[in-house]
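Here is a short briefing on one protein model. Points are grouped by topic.

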Amino acid sequence: MVDTEEPPTYTVIDRFPNPGHSLPPSYDDTTFTIGSRTVSRPLVTIEQLKSHLRLLGMFARMKQKVEEPDSDPQLAENIPSLAKAQSPQKRWVWFLELAVERFERWVASLNTSGGLFIIPPIDVWIIWHAYMLNPMWYTEDCERLSLLRPLRNLERNPIDLVASIGDDPFNFRPPPEQEEVWDARIRLPYNPFISCGVHTHVDIDCPQCERPVTVPFLNAEKTGFAQAEFNATCGNCDSPITRERLGVAKFTRDAVLDPEDSNHTDVYGKAIYLPGTLLMASGLISTAVARETKAKLKRMDAFRNDQDGRPRDPRPYPDTGTWRRAMGEKLKYKADDLRKNLEGCLIARRARKIVGAYVDGRPFSVELVAAAMRQTKFTEKMYHLGWLNPGFFDNPEDVRALQHCVVRYYGFLTLIQSDISLFVPTLDIDLAWHTHQLSPKAYKKDCGLYAGKFVNHDDQVEESHLSDGFDLTCRAWEARLSSRFGIPYMHCGCPLPGTTVGQRLGKLSALIFSHRPRMDSPMDREDCYSATHPSDHNSVFINSRIGKQRREVRKLTWKRRRDRDSQKIKESKGKIKNKELGERYARGHDHDAAFMVPVPLVYGYGYPFVYTPYPGLCAGGVSGCMGGEGSSGCAASGLNCSSAGCGSG
């Protein structure tokens, strides 16, 4: 896109608050509209924002303790020697692997606890939090998987449970009746630092023969389950076991389940459908689409008869186990072969979305260790703002910064209503957005009411797509909301993209025909300015020739915009109009450009975006959206991800 193109049409906010009070005003949620609807209740409250920041603070302190195990007596006493010998980052990956296993056991225990909810320990919170920040996958999994039914039926918002943890999360113990159920069902100490000393192995099912195999999380050969080169051998059938093979085997188990077979539906319920096919962009559950997708699988090569090329009967083998193994062998237990076969009978976007749910053998559609690692980067951003410090927002004056987050989030939701492929939030908007997602039922309902669709939060998007999407978001804000709010999208010091001719005309029209109240600028404080920096914690680093070329283009674009702003300041001759530009330009000195630094990497066999614990390695595979309809980056959209906006303004 070039600067002379007409921007898309955006839905505009109708009313904004009267700023007749001190700066910034005490925003009242009921005075706002999102699109044509008035906000009837706060979508995100200040107390929820505080609870979320408090939770992130706990996560940050836990990560620091794991990276420096001698700093905590309980961890120093119990940590295995192999874990202590790891680098800090690899040790954190190991700890998250333990946490995912404990999360799975915790959820399973809720199914047999007689309705008693067990407040989880902090390590389990880390995983649950990351899961909820993939809202389409989380909502669909809660609908599909009986394992997650207790979370679907949870009456309270998870974010409102944070207060139950108390002031000392590392020594927190749940009420006796909850701890009794934990001990009986989970069979691991509640305290994660004590648990890590005895939680050294994990049980998995062999991809080939499905017999249980016990493997270590860590071993001296660096092939343990929590290590990048995980590899094991089944003691029963001698077949190799890798994450890739576990993921493809999970697909074959799901693929052979027949929606028309009552024996399957009675046992598995909605788990007979493939992930990514049940929840629509509208937020509605559609078994019709899921059934159609299952029917189309019969056109896969893995379902065909090699002799005559005719589609096989859904049950050509005496039992589904034999059929499943034959399918796995046909696919060579390779994720890339699975993708190619799926793309032969489904549109590529849906095929990639489905394959993205099969990166390991766990029941969840999200690779939760990688998801938690991506959120670590956002937590670090909040830490550097100082917002995770205990008591940081106790002063009523400081709370106004959080009010500003919520107001800007409402503006962001208004932009989302348009059918544009990718909008990218700033850090403060992302905080409010994340907090909203920690009330999954309310989030789904609010999305339908105020955005007209389920707004996904895809936390892994290729860096150039995020950069382009952020430019589009800045321009959309400038074209349709700046005349209402009276302030630009960001104030952190990053140079803003230029405006198009259409945007200038649209802004002029808005100024002539509309005299709306304006939003106030952020509080004159460094952390508040920095909070409007692009939220790039989910950017995926592509270490390829094209990826490097795009990165160089973004560096040149950044420099060109800085030079443009410098020239404007020189030409302004002290005019008040460019005072804010000058202040923002000054803040840009030694300012980190967004979308230039990759997230920490976790694993790495290649497809789709899978991360490895070595910074700078290629996160291989496709660079398109894994979210399908209604998906987004960390970032939001009405369509699937694609390159949008312009990096050249």
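Lys 332 sits in the loop between helix 13 (320-330) and helix 14. Its phi is near 60°, a positive value in a residue other than glycine. Lys 332 is exposed, because its relative accessible area of 55% passes the cut-off of over 50%. The model is a predicted one.

**Helix 14**
- Helix 14 spans residues 335-343, and its buried residues are Ala 335, Leu 338, Arg 339, Asn 341 and Leu 342.
- Viewed down the axis of helix 14, these buried residues fall within an arc of 165°, so they line one face of the helix.
- Helix 10 (243-255) and helix 15 (348-355) are among the elements that cover the buried residues of helix 14.

**The hairpin of strands 3 and 4**
- Strand 3 (residues 201-205) and strand 4 run antiparallel, joined by five bridges.
- Asp 205 stands opposite Pro 212 in strand 4.
- The two strands form a hairpin, with six residues between them.
- Glu 210 lies in the loop between strand 3 and strand 4.
- Phi of Glu 210 is positive, about 65°, although Glu 210 is not a glycine.
- Glu 210 has 31% relative accessibility and therefore counts as partly exposed.
- Strand 4 covers residues 212-216 and has two faces: Val 213 and Val 215 make up the covered one.
- Pro 212, Thr 214 and Pro 216 form the uncovered face of strand 4.

**Helix 4 against helix 5**
- Two packed helices are described by the angle between their axes and the distance between the axes.
- For helix 4 (residues 88-110) and helix 5 (residues 122-132), the axes come within 8 Å and cross at roughly 85°.
- Helix 4 and helix 5 are therefore roughly perpendicular to each other.
- On the helix 4 side, the contact is made by Trp 92, Phe 95, Leu 96, Ala 99, Val 100, Arg 102, Phe 103 and Trp 106.
- Helix 5 contributes Asp 123, Val 124, Ile 126, Ile 127, Trp 128 and Tyr 131 to this contact.

**The protein as a whole**
- The protein has 24 helices and eight strands.
- It has 649 residues, of which 59% count as buried.
- Of the contacts with a separation of 6 or more, 73% are between residues 24 or more positions apart.
- The accessible surface of the protein comes to about 25700 Å².
- Carbon and sulfur atoms account for 50% of that surface.

Notes
Residues are numbered from 1 along each chain as its sequence is written. This is a predicted model: local features need pLDDT of at least 70, side-chain atom pairs count only at pLDDT 80 or more; totals for chains, interfaces and linings use all residues. Side-chain values use heavy atoms; hydrogens and water are left out. Buried means under 20% relative accessible area, exposed over 50%, partly exposed in between (1.4 Å probe, protein chains only). Helices (H or I, at least four residues) and strands (E, at least two) are DSSP runs, numbered from the N terminus. Two strands pair if DSSP finds at least two bridges between them. The arc is that of the directions from the helix axis to the C-beta atoms. Contact means heavy atoms within 4.5 Å. Accessible areas come from the Shrake-Rupley method with a 1.4 Å probe; for residues, only the protein chains shown count as cover. Axes are lines fitted to C-alpha atoms, for helices over the stretch in contact, and angles run from 0 to 180 degrees between N-to-C directions. Angles under 35 degrees count as roughly parallel, over 145 as roughly antiparallel, 65 to 115 as roughly perpendicular and the rest as oblique.
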